[in-house]
Amino acid sequence: MSGPPIRIVVADDHLVVRTGFAELLATQRDFAVAGTAPDGAEAVRLCAELAPDVVLMDIRMPGVDGIEATRRLAASAAGGPRVLILTTFDLDEYVYDALRAGASGFLLKDVTAERLFDAVRVVAAGEALLAPAITRRLIAEFARLRPAPDAPAGLSALTPRETQVLRLIAEGLSNTEIAARLTVTEETVKTHVSRLLNKLGLRDRTQAVVAAYETGLVVPRAGRPA
């Protein structure tokens, strides 16, 4: 293992669930479970105290739920930890709201151990968990049903190339794939991605996909797999 371990907080109102996830994560040498929380308010407090890299956040908790906790963490001065939402079923309107609030992705609670470990490492590295087609399908479906009135309005500030890159991000392409599509270097793509995220005030690629659909830059079609 190189570098410090990835610090993780697990938030779930069910003791067995949060203990199980914490014990599973602790089996990895590059992970350190910094703490666990039974609700969103405690998760936010723990994150302010412990400064973890990643939070596994149950979406439905009493009091402050996972959506509001995610929103508070994303709005914190330091940018907050990356949030992975835990849910029991995938096409969930609450999951969509959590992604809009700043979550980097979501996992089903019956996720395999290896998938869980990979997801934590991906978001800790600053990437968005967009690999599963279900994530894009969820964003496309709920954006189609209720486009947000407060979606980022700064698309006009993007250059034509940045707009093109945003469309490709919304299609689910990686930086490597975008570079091949546009016949540019991967470093150039990273620069475009960084600039468009800054211009739109977005945290990561997940929020970029949400913005692309909600602003109408990418128009989902009913019945079309995302």
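The model is predicted, so to speak of local features I need pLDDT of at least 70, side-chain atom pairs count only at pLDDT 80 or more, and totals for chains, interfaces and linings use all residues. Residues are numbered from 1 along each chain as its sequence is written, and side-chain values use heavy atoms, with hydrogens and water left out.

I start with the sheet. Helices (H or I, at least four residues) and strands (E, at least two) are DSSP runs, numbered from the N terminus. Five strands form an open sheet in the order E2-E1-E3-E4-E5, with parallel pairing; two strands pair if DSSP finds at least two bridges between them. E2 and E5 are at the edges with a single partner strand each, so one side of each has no neighbour in the sheet. From one strand to the next the twist averages 25°. Axes here are lines fitted to C-alpha atoms, for helices over the stretch in contact, and angles run from 0 to 180 degrees between N-to-C directions. E4 and E5 pair over four bridges, in the parallel sense, and Leu-86 stands opposite Leu-107 in E5.

Now the helix. H5 covers residues 113–124; at 1.5 Å a residue its twelve residues should span 16 Å, and the end C-alpha atoms are 17 Å apart, which agrees. The expected span is 1.5 Å times one less than the number of residues.

Which residues of H5 are buried? They are Leu-116, Phe-117, Ala-119, Val-120 and Val-123, where buried means under 20% relative accessible area, exposed over 50%, and partly exposed in between (1.4 Å probe, protein chains only). Seen down the axis of H5, these residues fall within an arc of 160°, so they line one face of the helix; the arc is that of the directions from the helix axis to the C-beta atoms. Their cover includes strand E1 (6–11) and helix H1 (15–25), with contact meaning heavy atoms within 4.5 Å.

Last, the rings. The structure holds one aromatic pair. Phe-31 and Phe-117 are edge-to-face, at 6.0 Å centre to centre and 70° between the planes. Rings of Phe, Tyr and Trp (its six-membered ring) pair if their centres lie within 6.5 Å; planes under 30 degrees apart count as stacked, over 60 as edge-to-face and the rest as tilted.
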